[in-house]
Amino acid sequence: MATAELSLQHEFHDYTLRSPFRASWQKVMMWVFIVVDALTFGSLLVSYGFTRVSIGTWANPAHVFALHIGGKEIPLLLIAIMTFILVSSSGTMALAVANAYERNKKRTVLFLTLTMLLGLTFVGCQVYEWTHLITHGTRPWWNPYGPPQFGAYFFTLTGFHGMHVLSGVLYLAIVARMVANGTLDRRGSYQLVEIAGLYWHFVDLIWVFIFTMFYLF
Amino acid sequence: MDQPIAHAEAAVDAHHHEPQSFWTKYVFSQDHKVIAMQYMITALVMGFIGMVMSWIFRIQLAWPDHNLPFLRLLMPTNMESGTLQTPGYYMLVTMHGTIMVFFLLTAILTGGFGNFLIPLQVGARDMAFPYLNMLSYWFYFLSCVVITASLFVTTGAASAGWTSYPPLSALEKATPGSGLGQDLWLIAIALFIVASTMGSLNYVTTALNMRAKGMTLMRMPLTVWGIITAAMLGLFAFPALFAGAVLLLLDRHLGTSFFLPHLVVGGEHIVRNGGSPLLWQHLFWFLGHPEVYILILPAMGITSEVLSNGARKPIFGYKVMVGSIIAIAFLSFIVWGHHMFVSGMNPWLGFAFVITTLIIAVPSAIKTFNWLGTLWKGKIRFTTPMLFAIGFISTFVTGGLTGLFLGNSALDIPLHDTYFVVAHFHVVMGLSSVFGIFAGIYYWFPKMTGKMMNERWGKVHFWLTFIGSYGVFWTMHYLGFMGMPRRYYSYDSYQFLPPSMHTLQMVITISALIVGAAQLIFTLNFLLAWLRGKKAPNNPWQATTLEWQAATPPPHGNWGPVLPEVHRWPYDYSVPGASADFVPQTVPVEIEPSGEHHRVAAAVNGHGQTNGHGNGHHA
């Protein structure tokens with residue numbers, strides 16, 4: 001069995017070298033999956049653009065997503081905070097990956113946990129935002145701010161993205177557990193952390209597009 | 001930063017422990033060969049259901065409102081009186097299209113052939129992610145269960161056409177089939193997309209990363225090229241339909257108006273406005289067009305492989321074949337508008353789509369030319385797989401030529417709602433892929449099962465299918481040009497259709513039933529051969545590619561202790577100076593000469609044969 005394992009390890013080594021991208025098959029698959037997921041978000045965003053252009057009128061997001069502080073309306077404040085949180089989580093994720101390659105278990109787990117917490121905070125903000133809009137009467141089929149599609153796309157786009165953040169948190173939790181209990185040490189590689197990082201950065205990047213196209217325009 | 005030995009432990013677990021129990025060996029198997037057979041058999045069963053549906057509505061078209069009491073058993077909801085009711089007709093047509101396109105053709109070509117051939121032809125032990133591969137099949141199985149179950153819903157299955165255009169598919173009141181049936185349709189499609197995505201991620205990663213030593217990308221058989229390009233198309237095109245399906249479900253149940261403008265239905269104003277049914281059409285066809293190439297590219301690959309083997313000649317213009325596959329795949333993403341010429345599209349935009357559409361004729365024609373070049377002066381063996389491969393070329397050319405008619409918006413607009421379109425897409429994507437699939441099944445059946453299929457009945461199957469199919473679709477082209485509209489449930493009450501056209505409808509139906517009978521011959525041949533067929537030798541077609549070097553049927557892990565090593569391209573047939581008329585890819589060039597490095601010279605030379613100084617000692 002030991003020899004068989006050795007020869008298999010050899011085969012897997014060859015496979016990475018033979019890849020046109022010089023990357024392991026796990027990483028290649030994550031990249032292809034990211035393209036697929038990007039196209040799914042792309043389809044939703046293009047649909048949103050199509051509908052908004054064909055209707056002609058739209059709600060004013062600066063007004064809808066404003067926070068009232070001390071009687072003054074500050075446009076997009078919550079969204080700015082949410083964006084800051086998510087971008088920061090990309091930073092902590094990068095630190096987790098860097099520490100993973102230094103085989104620093106403790107710090108890897110620490111930064112993964114920070115990333116998860118930031119992700120959860122982001123989703124928490126989203127919950128606040130949804131509650132706010134729903135209590136003001138926004139429904140998938142109607143809203144007080146503009147054409148009904150405004151609410152419909154708001155829930156669809158942010159809901160779909162929020163689900164991605166949540167699954168990302170779950171994914172990172174599994175990876176953190178594997179780091180902590182030594183599974184990755186036994187495998188001899190921390191590449192799994194980097195691959196999870198690819199997904200996390202991708203979800204952050206998608207938010208930048210949603211932020212630009214839905215909230216800023 | 002890569003650490004390749006990385007996941008060896010997990011991979012050793014996944015790849016190396018041979019499954020022991022019945023359940024892990026045949027049911028929840030992670031072996032790509034078992035999953036391939038599961039995909040193939042499930043898809044063939046679905047295809048059979050789809051075919052029976054076509055018999056029922058073809059009978060209605062030839063003998064309108066004819067009483068067929070036995071059909072009451074098959075379809076209790078829509079056949080109460082023994083004659084097919086209008087909603088039943090639309091339901092059958094919708095389900096026939098959906099089942100054939102997704103659940104038969106897409107599933108068998110990528111899930112069936114992709115699973116079986118990719119690891120074996122590139123020299124891998126299994127797929128990169130065996131567990132994901134198993135999950136892919138079970139999601140597919142679930143989607144088949146959902147779509148089949150929708151047939152038994154009291155309001156009937158979906159009936160808005162396989163394209164499911166809203167508002168027909170978005171409003172419950174629109175048709176009986178727009179009730180629970182339409183929901184199940186959308187759920188089944190979403191499940192299918194999940195299954196197909198998991199499968200395709202595997203196919204692409206495996207072919208890119210897990211090739212055996214010496215198996216460079218440009219030494220992969222064209223079948224692998226066709227399948228992984230189709231997998232890429234699926235990965236990049238299905239997201240649009242997935243997004244569309246989600247939005248349509250929201251329109252149906254959450255009261256959104258993504259696809260619904262303000263409408264008056266049955267004198268009642270519906271409380272929706274601002275949506276556009278055209279958005280669905282764009283999302284659907286952004287998938288829908290690449291989808292036809294998802295079906296045709298693997299069939300093209302299989303055909304190339306079988307033709308080269310049957311003609312005992314290297315494939316003509318290998319590099320150009322690969323280039324054409326990639327060119328077709330790329331172009332398929334920028335032509336979807338040609339399905340929407342009649343939607344009121346701006347003529348200038350239509351013009352752009354006409355141009356991109358007609359450009360696809362170039363790589364398609366190159367491929368056809370190369371197939372003919374491969375046959376030219378070959379020592380052709382007319383085996384059953386070879387007959388089907390030649391049949392593929394015939395139907396592909398026929399369907400491709402009518403594609404040139406329909407790619408022109410000026411001609412498409414009058415022809416779009418006639419039988420001409422029905423005939424065109426059936427020939428070019430339905431028949432051609434089916435011929436490719438049959439070529440593949442007859443060709444690889446010995447490797448899959450270790451048994452040979454009966455050649456005589458195979459040939460009977462081919463000739464009945466070939467002639468019968470032309471009987472169906474040649475006739476349909478005529479009817480279309482004469483103005484026979486599609487989607488009509490009964491034609492006998494329309495004055496503008498002369499009685500002669502009615503006779504042609506009967507010709508179509510009789511031909512269709514003959515083709516159907518031929519598929520029963522195939523089914524029997526398949527089952528009998530598997531149960532008690534002649535034992536297959538290791539390499540019955542004297543082929544060069546890797547899978548024929550494995551044991552028959554290949555064991556778990558495919559290759560025993562040592563992986564094969566590849567020394568040449570996959571088409572070393574009739575190499576001058578070689579001891580046999582084929583040299584397997586595993587034979588070193590020091591032992592037998594190779595035609596690999598003379599490909600360019602041969603192509604320039606004009607007749608594709610590796611002539612002259614045939615030794616490949618210089619690398």
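Of the 619 residues in chain B, 57% are buried. The model is a predicted one. In chain A, buried residues account for 38% of the 217 residues.

**Chain B as a whole**

- The secondary structure of chain B consists of 18 helices and 4 strands.
- Of the contacts in chain B between residues at least 6 apart in sequence, 78% link residues at least 24 apart.

**The nonpolar core**

- The largest nonpolar core contains 233 residues, and Ile108(B), Leu241(B) and Ala439(B) are those with the most contacts inside it.
- Helix H5 of chain B, residues 86–122, supplies the largest share of this core, namely 22 residues.
- Apart from neighbours within four places in sequence, Leu241(B) has contacts with Ile189(B), Ile193(B), Leu283(B), Phe284(B) and Leu287(B).

**Helix H6 of chain B and Asn133(B)**

- Helix H6 of chain B covers residues 130–149, and at 1.5 Å a residue its 20 residues should span 28 Å; the end C-alpha atoms lie 29 Å apart, which agrees.
- The buried residues of H6(B) include Pro130(B), Met134(B), Tyr137(B), Phe139(B), Tyr140(B), Cys144(B) and Ile147(B).
- Asn133(B) also belongs to helix H6 of chain B, and it counts as buried because it has 28 C-beta neighbours inside 10 Å, where 20 or more are required.
- Setting aside residues up to four places away in sequence, Asn133(B) touches Gln30(B), His32(B), Ile35(B), Asn115(B), Met127(B), Gly199(B) and Asn202(B).
- Asn133(B) and Leu171(B) are separated by 38 residues in sequence and, from C-alpha to C-alpha, by 37 Å in space.

**Helices H13 and H16 of chain B**

- Helix H13 (residues 384–407) and helix H16 (residues 455–482) of chain B pack at an angle of about 10°, and their axes are 9 Å apart.
- H13(B) and H16(B) are therefore roughly parallel to each other, since angles under 35 degrees count as such.
- On the H13(B) side, the residues that meet H16(B) are Thr384(B), Leu387(B), Phe388(B), Gly391(B) and Thr402(B).
- On the H16(B) side, the residues that meet H13(B) are Glu455(B), Gly458(B), Lys459(B), Phe462(B), Phe466(B) and His477(B).

**Two further residues of chain B**

- Ile467(B) is located in helix H16 of chain B, and it is partly exposed, with 13 other C-beta atoms within 10 Å.
- The C-alpha atoms of Ile467(B) and Val421(B) lie 20 Å from each other, and the two residues are 46 residues apart along the chain.
- Tyr494(B) sits in the loop between H16 and helix H17 (499–532) of chain B.
- Tyr494(B) is exposed because 11 other C-beta atoms lie within 10 Å, and a residue with 12 or fewer is classed in this way.
- Between the C-alpha atoms of Tyr494(B) and Met95(B), which are 399 residues apart along the chain, the separation is 26 Å.

**Chain A**

- Chain A has 8 helices and 2 strands, which follow the pattern α-α-α-β-β-α-α-α-α-α along the sequence.
- Taken along the principal axes, the C-alpha atoms of chain A fill a box of roughly 70 × 40 × 20 Å.
- Among the contacts of chain A between residues at least 6 apart in sequence, 68% connect residues at least 24 apart.
- Helix H2 (residues 25–55) and helix H6 (residues 148–180) of chain A pack at about 170°, with 11 Å between their axes.
- H2(A) and H6(A) are therefore roughly antiparallel to each other.
- Leu44(A), Tyr48(A), Thr51(A) and Ile55(A) of H2(A) meet Gln149(A), Tyr153(A), Thr156(A), Leu157(A) and Phe160(A) of H6(A).
- The 33 residues of H6(A) should span 48 Å at 1.5 Å a residue, and the end C-alpha atoms are 48 Å apart, which agrees.

Definitions and conventions: Residues are numbered from 1 along each chain as its sequence is written. Chains are lettered from A and ligands numbered from 1 in the order in which they are written. This is a predicted model: local features need pLDDT of at least 70, side-chain atom pairs count only at pLDDT 80 or more; totals for chains, interfaces and linings use all residues. A nonpolar core is a set of buried Ala, Val, Leu, Ile, Met, Phe, Trp, Tyr and Cys residues joined through C-beta atoms within 7 Å. Two residues are in contact if their C-beta atoms, placed from the backbone, lie within 7 Å. The expected span of a helix is 1.5 Å times one less than its number of residues. Axes are lines fitted to C-alpha atoms, for helices over the stretch in contact, and angles run from 0 to 180 degrees between N-to-C directions. Angles under 35 degrees count as roughly parallel, over 145 as roughly antiparallel, 65 to 115 as roughly perpendicular and the rest as oblique.
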